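Student: Please pick one part of this model, the interface, and take me through it closely. I'd like the background first, then the contact itself, then the charged pairs one by one.

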Amino acid sequence: MVQLTPLLCKTYRAGHVTIRLTLSGCTNRPFYRIVAAYNKRARDGRFLEQLGCYDPLPNTNGEKLVALNLERIRHWLGSGAHLTKPVEKLLGLSGFFPLHPMTITNAERLHRKRALEAISASQAENTETAPS
Amino acid sequence: MRRDRRQVRLAVPECLAARAMLGAVGRLGRSVRPPAPAPSLPLLLPPARGRKSRHDPPAKSKIGRLRTPTPVDPVEMYLLTERYKSYRQIVRALRLEFMEEIWKKTYEEKYGRLKAIQDAEEHKQLMAWNQAENARQQALRISRFQRQEQEQERLRAQEEMQKAQEMEAFLREKEKEVLQLQEDAKTFITKDNLEEKIEAALNNPQNYNWALTKEGHVIRPPRGT
């Protein structure tokens, strides 16, 4: 006898197109490709179209290079593609989108931390020089 | 065992709404979730995400673990919510713009073809009419030029005739003058005639003692004086 209820209970939920980062590269050398793919596909699996790339390791000039095919990104966004957080942040930094709130918040936190460290370092110097 | 943090596996027909809500809340991020209970009431929850699924037992080192909620700065939280609001508004507006572009393109491809064909036909007709007009104007222009050339030829011929006539008249005048001069030359006084002319003039005295009235009558002195 065939059990049909589990098959009937399972509903089919269609996936959606997502613009996300696909990891490719070698050991200790990551390299991301900005790609439009179906949501349910594997991270490095088949994609619909490559829309750019991102190199997370800085080059000899200290730059992290990002390539974006803005025309095609517009097309996919207009066709209803979702975005992942890293892609949103990259687009915000590039200027195509507004800056992501977390980018701003993390930058502020870093500033505050550095200010605190500077103050504590100066205090430590004062306490060192004062008794001597 | 799936490495998918955002999916929450529940029995399907009942909990779709709950799943959507939880999914939305999960997507909002750790810092924007509704405030957890105060630190005085820590939670004793088994971990429901990460490397292990809900069916894997927690480790022995985590038996007496009490989870305190992450500290949240209310000022930063407020700023963050405001920033997220504006960010999402802007991103939604951008997305709608891109969608409109795509709709316009599809509409253009579907129905723009007809308009393009009509425009091309109209253009062809207008071009043909223009060509006809140009040809007509060209014919008129050619005939006009021909007439003008003929006119100019006629005028030139006329002028030439007139010039020839004038030349002939001039020549005739000059010939007359020459003949007159030749005739006059007979009465000229030369070195040969000088003595004879002097003798003749002395022999025939002329009397210039006369006057003219206003009416033109000649008045001579009466004879005898």
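Tutor: Let's start with the partners. Along its sequence the order is α-β-β-β-β-α-β-α-α. Chain B has three helices and two strands, and from its N terminus these run α-α-α-β-β.

Keep in mind that this is a predicted model, where local features need pLDDT of at least 70, side-chain atom pairs count only at pLDDT 80 or more, and totals for chains, interfaces and linings use all residues. As for bookkeeping, residues are numbered from 1 along each chain as its sequence is written, chains are lettered from A and ligands numbered from 1 in the order written, and side-chain values use heavy atoms, with hydrogens and water left out.

How much of each chain is buried (under 20% relative accessible area; exposed is over 50%, partly exposed in between; 1.4 Å probe, protein chains only)? In chain A, 27% of the 132 residues are buried. In chain B, the figure is 6% of 225 residues. Then there are the contacts (heavy atoms within 4.5 Å). Among those in chain A with a separation of 6 or more, 30% are between residues 24 or more positions apart. For chain B, 37% of the contacts between residues at least 6 apart in sequence join residues at least 24 apart.

Now the interface. Chain A puts 27 residues into the contact, and chain B puts in 18. Together they bury about 2100 Å², with 56% of that on carbon and sulfur atoms (accessible area lost by the two parts on being put together, summed over both, 1.4 Å probe). Seven residue pairs, both members at pLDDT 80 or more, are in polar contact across the interface (N or O atoms within 3.5 Å; within protein, one able to donate a hydrogen and the other to accept it, with sequence neighbours counted only if both atoms are side-chain atoms).

On the side of chain A that touches chain B, the elements giving two or more residues are α2 (70-78), β5 (82-83), α3 (85-94) and α4 (101-129). The biggest giver there is α4(A), with seven residues. Sorted by class, that side of chain A has 11 nonpolar, eight polar and eight charged residues (nonpolar: Ala, Val, Leu, Ile, Met, Phe, Trp, Tyr, Cys and Pro; charged: Asp, Glu, Lys and Arg; polar: the others, Gly among them).

While we're at α2(A), note that Ile73(A), Trp76(A), Leu77(A) and Gly78(A) in that helix are buried. Just after the helix, Gly80(A) takes a positive phi of about 95°.

Next, the charges. The structure holds 13 salt bridges over all chains (a Lys or Arg side-chain nitrogen within 4 Å of an Asp or Glu carboxyl oxygen). Four of them cross the interface of chain A and chain B. One to look at is Arg74(A) with Glu101(B), where the closest N and O atoms are 2.4 Å apart.

Another is Glu76(B) with Arg112(A), at 3.6 Å, N to O. Glu76(B) sits in helix α2 (residues 74-185) of chain B and Arg112(A) in helix α4 of chain A, so this pair joins two chains. Glu76(B) is buried, at 11% relative accessibility, whereas Arg112(A) is partly exposed, with a relative accessible area of 42%.

For comparison, here are two pairs that stay within one chain. Arg43(A) and Asp44(A) form a salt bridge at 3.0 Å, N to O. Arg43(A) is partly exposed, at 46%, and Asp44(A) counts as partly exposed too, at 42%. In chain B, Glu153(B) pairs with Arg156(B), their closest N and O atoms 3.1 Å apart. Both lie in helix α2 of chain B, three residues apart, about one turn of the helix. With 3.6 residues a turn in an α-helix, residues three or four places apart point the same way. Glu153(B) is partly exposed, with a relative accessible area of 48%, and Arg156(B) is partly exposed as well, at 43%.

How values were computed
Helices (H or I, at least four residues) and strands (E, at least two) are DSSP runs, numbered from the N terminus.
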